[in-house]
Amino acid sequence: MPFRQLDRAVALAVFAFAAAYFLLAFQIRVPPSSDDSPLSARSFPFALGAVAMVLSALVALKPSHGDVIAFERKAWLRSLGLLALMGFYALAVTRLGFVITTALFLAGGFRLLGERRPLVLALVAAGTAVGFWFLFRQLDVELDWGWFEDLKR
Amino acid sequence: MIEGLLTGLAAVASPANLVLLFGGCLLGTFIGMMPGLGPVTAVSLLIPITYGLSPAGAMILLAAVYYGAMFGGSTASVLINAPGESSSVPTTFDGYPLARNGQAGKALALCAWGSFVGGTIATLMLMLAAPTLSSWAVGFQASEYFALMVLGLTAIAAFTEEGGVIKALLMAVLGLMLATIGTDIADGVERYVFGIPDLSDGLSFVLLAMAAFALSEALIAALRNQRLSEEAKAAARGKVGSLKLSAAEVRDVAPTAVRSSILGFMVGVLPGAGATIAAFMSYAVERNLARGPAKEMFGKGSLRGITAPETANNAAAGGAYVPLLTLGIPGSGTTAVILGALITLGVQPGPRLYIEHAEVFWAVVASMYLGNVILLIINLPLIPYIARTLAIPETMLVPLILFFCLVGVYLVSFNPFDLWLMIALAGVAVVLRLVDYPMAPLLLGFVLGKLMEENLRRALLVHDGSFAFLWERPVTLGLLILSALCVSAPLLKRLKRG
């Protein structure tokens, strides 16, 4: 995508965010005691939202020049895959526990980025997960066991 | 002053703090060496660990990581022409040609000595400048603090690349906006919480720092699929050559080191300027000062060409501590992260830090002295071994960085919601970075946001709700005029050029 085009699109997205922020400031409930105050809980958000709208509009009106942003389809998929893996981590850590989730996350990440040796992949992933589990145990940090809570006893 | 320094040295010299210092220097060097990762990422990654430490211990660790990462960046610049971050770019101009001539050891030794000299001179200057500035600023009222924070945020604009001023300011404002999420302390009302209890305490600073720097950095690396060339890998694995410098070489680079240290410190003190500008400026100054064959060597393997940026960027790192410790205004992205960590630990940097938390101040100064010595001790003999870590495959590195971010944020709150939020923010940060939105102003705005609003409110309360304090108090007015100049100067320059 040409840089200017993406720059403008991002600036417009920021403008929309700033506009929503500005409008949502009306919903901030100001206590009656602050009615006469020159600066209530709403004032700062109003000012910030307005300034952000002006600045993002300026960028959108005059986007900057730059190199065309072109990544291979594979590169996008790889990055989205990593984001999805992180989502998996957030979802699984309280269910599968720290060790299994970490090992699966790392193995998935290594594979996604091109590690083809299954033994290296499994050993490094499992080794890191178990190693950190021991480290945190030494530091008295209680990690999640998830569905395997019974094994703790 | 001497008494304070001795107290600081005694505190740092405890076995636990020495471990932090050694560990921080090593970890920082390792992280800083990874292409694309710089001091700001290194410091962000280490923040969760500081929560179990005393404020002084935390500062010792973060300062050590900061210096270590600066040195690590230089190693990657010299050996594989891949600077860890922008302040190491000028080091590649002469460092890489030297490495290609089989003199990598000499170049790395110069980096280590240059960093040592720059760091030491900057620490001395910090020790002299900080108390003076603190005693001047201790009489500041809320209005001056507010103006100072406005200056801290707008100063970024003055040093941003041409065309990037508006984006830098916009990011600072976005940071201020994110800081308003949560319960407003003054009125006790919730803002932008949307009924989600996890948001009522506001966004976590660690979460934002990780998303904006470490996580987005790693995702962009995956997107660009940065892989080291076979030649670079061979350089990392190969011998680095002799680390020795002759007496004539030392005599040649000594004046450069002193000049660049002073220049680097001065530039580092300016909010928003930082190590990158210091490194480029000192390189340009030395090239202009050089005559005859020495001038021709610049860009082809000049020893002065490596010494200048290496000394200046470390001195600037020391200089950046001056506004942080005395005024509570971070001078760079890295010091913004350190400020956030200190606030989380219950220490508010500013003029009163020197009075109320003198142990923290002197521990920082002492850890800088010792940190520079330790870096020299561990890095010089370990250079050939450290260089080999550059051969770690990227297929492993990126997932490991992502894991450190996830676990770092998760261990603070044990709340998966924070992980979701961090992932979402990292996605947004990647898109913003692709179109050149700088991340440091965002963090600066976020860290200063609550304090700025609080001080503005306090100033209004003291002045019966009148905004007249903005022009009636001379220091406030002066600081605001400076802020206006910072914003308008680059815009006017742009308009003038058409």
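The lining of the second largest pocket in this predicted model is made up of 23 nonpolar, 11 polar and eight charged residues. The space in this pocket amounts to about 970 Å³. Among the 42 lining residues, those closest to the pocket centre are Ile343(B), Gln348(B), Val447(B), Lys450(B) and Leu451(B). Helices H7, H9, H16, H19, H20 and H21 of chain B each give two or more residues to the lining. The largest contribution to this lining, seven residues, is that of H21(B).

The second topic is the interface between the two chains. The size of an interface is often given as the accessible area lost when the parts come together. Chain B and chain A bury about 5,200 Å² between them, and 80% of this area lies on carbon and sulfur atoms. On the side of chain B, Tyr192(B), Leu223(B) and Phe403(B) lose the most area to chain A, together 12% of what that side buries. The contact involves the following numbers of residues.

| Chain | Residues in the contact |
|---|---|
| Chain B | 55 residues |
| Chain A | 63 residues |

Nine residue pairs are in polar contact between chain B and chain A, with both residues at pLDDT 80 or more. The side of chain B that touches chain A receives two or more residues from each of several elements, including helix H8 (165-179) and strand E2 (190-191). H19(B) supplies the largest share of that side, 13 residues. The residues of this side comprise 38 nonpolar, five polar and 12 charged.

One salt bridge is found across the interface of chain B and chain A. Lys167(B) forms a salt bridge with Asp7(A), in which the closest N and O atoms are 2.9 Å apart.

Conventions:
Residues numbered from 1 in each chain as written. Chains lettered and ligands numbered in written order. Predicted model: local features only at pLDDT ≥ 70, side-chain atom pairs only at ≥ 80, totals over all residues. Heavy atoms only, no water. Contact = heavy atoms within 4.5 Å. Buried area = accessible area lost by both parts, 1.4 Å probe. Salt bridge = Lys/Arg side-chain N within 4 Å of Asp/Glu carboxyl O. Polar contact = N/O pair within 3.5 Å; in protein donor to acceptor, adjacent residues only side chain to side chain. Helix = DSSP H or I, 4+ residues; strand = E, 2+ residues; numbered from the N terminus. Nonpolar A, V, L, I, M, F, W, Y, C, P; charged D, E, K, R; others polar. 1 Å grid on protein atoms, 1.4 Å probe; cavity = no way out; pocket = protein on both sides within 12 Å on 5 of 7 lines; lining within 4 Å. Points joined across faces, edges and corners; volume = space filled by probe spheres on them.
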